[in-house]
Amino acid sequence: MSEARGHTYTPVELLARLVAFDTTSHKNNLGLIAFVEEYLRGHGVASHRIVSEDGQKASLYATIGPADEGGIALSGHTDVVPVDGQDWTSDPFTLRAENGRLYGRGSADMKGFLAASLAAVPDFKKRKLKKPIHLAFSYDEEVGCIGVRPMIAELGKALPKPRMVIVGEPTSMQVVDAHKGPVRWNVNVKGRAAHSSMAHLGVNAVTYATRLIGELERMEAELKHRVIDVRFEPPYSTLQVTKIDGGTATNIVPVHCSFVFDIRALPGLRADEIEDRLRRFAEMHCLPEMHAIAPEAGIDIERVNAVPPFGAEPSSEVVALALKLTGQNETFGVSYGTEAALFQNAGAPSVVCGPGDIAQAHTADEWIAESEVANCMVFLDRLGAWAET
Ligand SMILES: [Zn+2]
């Protein structure tokens, strides 16, 4: 692709290129990664792939400026949510401009930020950066911040570790310094089957599942009153059962029941605490009765995914920097999860700030305002000037 050799694109042209790669989370993203690599190479920037175990996806990490630790990373995910079942006016993977809006899957969440970051690279290269600016592009964010984890594990090893991180999820360029942490569990209850006329010989898995769900409901009610943080909507941690499946036939004592529950934890709430309480309840109020009839009966509680809640330190340098670069003086909390906590927990303090409105993310006819992309370019221009100092 000779076009990428040093070619300068406008942010909107870059966005059109990125949107054209169908990087729905369950598909591979290697086409997009190859394009970005080529583009960066054309501007004299080497990049490093971190490939997934199955080789179908990759993250990309690149450093502009001094090849050291420190500086700041611009973090974004390359994957998008599916368009299946959504009613789009035009092809979701062809960027369409209309009335100051750019329509396309991922335009807001979050290829707009990736496009702006890439469009800023020639400017970053021209400057005499004293602090490095790193690009950290991940995959599988939409299915639980999966792909960023192996990349973070390499920071300070194969990859230079940034001093701080800006995660460019759509915040309408407002400064977000806290978010809830989504955590999900699968629960499998194994009982013993019997003819339903001989119920006393069986262990009814559905019955014990409902007991566990009752305990979860009590916890949910308590969470509503425990920690209230009005910066979030709703202002408390939520907990709910989202799926349930059990039973075999109307005349059989059910041997199996499984359900899924999730929490959206405010900063400060530990997922372990919720899980420990459910395990204790199972051990005290379910398992003894179950085992009295069927020693093979059991309750399996498995945490399947956890994105930690995020809360920046009150004195956070990167929050202060983001406020300065956006010219704002107020920070916000949001209820959706991002990669910010994972970077922060790895020792790189983070902030969330990016173009586009989260309300348009994941929707049919997803769009980003052209003015948002332009605002992000101003932000990145100021960031470049900061990195020269
Ligand atoms: Zn996103």
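These entries record what I looked up about the zinc site and the largest pocket.

**Basis.** I worked from a predicted model, in which local features need pLDDT of at least 70, side-chain atom pairs count only at pLDDT 80 or more, and totals for chains, interfaces and linings use all residues. Residues are numbered from 1 along each chain as its sequence is written, and side-chain values use heavy atoms, with hydrogens and water left out.

**Zinc site.** I looked up the protein donors of the zinc ion and found His77 (NE2), Asp109 (OD), Glu169 (OE) and Glu169 (OE), lying 1.9 to 2.5 Å from the ion. Donors here are N, O and S atoms within 2.8 Å of the metal (3.2 Å for Na, K and Ca); water is not among the atoms, so sites may look incomplete. I noted the sequence spacing of the donor residues as H-x31-D-x59-E. His77 belongs to strand E3 (residues 72-77) and Asp109 to helix H3 (residues 107-119), so that this pair, 32 residues apart, links distant parts of the chain; helices (H or I, at least four residues) and strands (E, at least two) are DSSP runs, numbered from the N terminus. I found both His77 and Asp109 buried, meaning under 20% relative accessible area (1.4 Å probe, protein chains only).

**Largest pocket.** I recorded 20 lining residues for the largest pocket, with Glu141, Glu142, Pro182, Arg264 and Gly337 nearest its centre. On a 1 Å grid over the protein atoms alone, a pocket is an open set of points where a 1.4 Å probe fits, with protein on both sides within 12 Å along at least five of seven lines; lining residues have an atom within 4 Å of a point. Strand E9 (181-190) supplies three residues, the largest share of this lining.

Notes
Buried means under 20% relative accessible area, exposed over 50%, partly exposed in between (1.4 Å probe, protein chains only).
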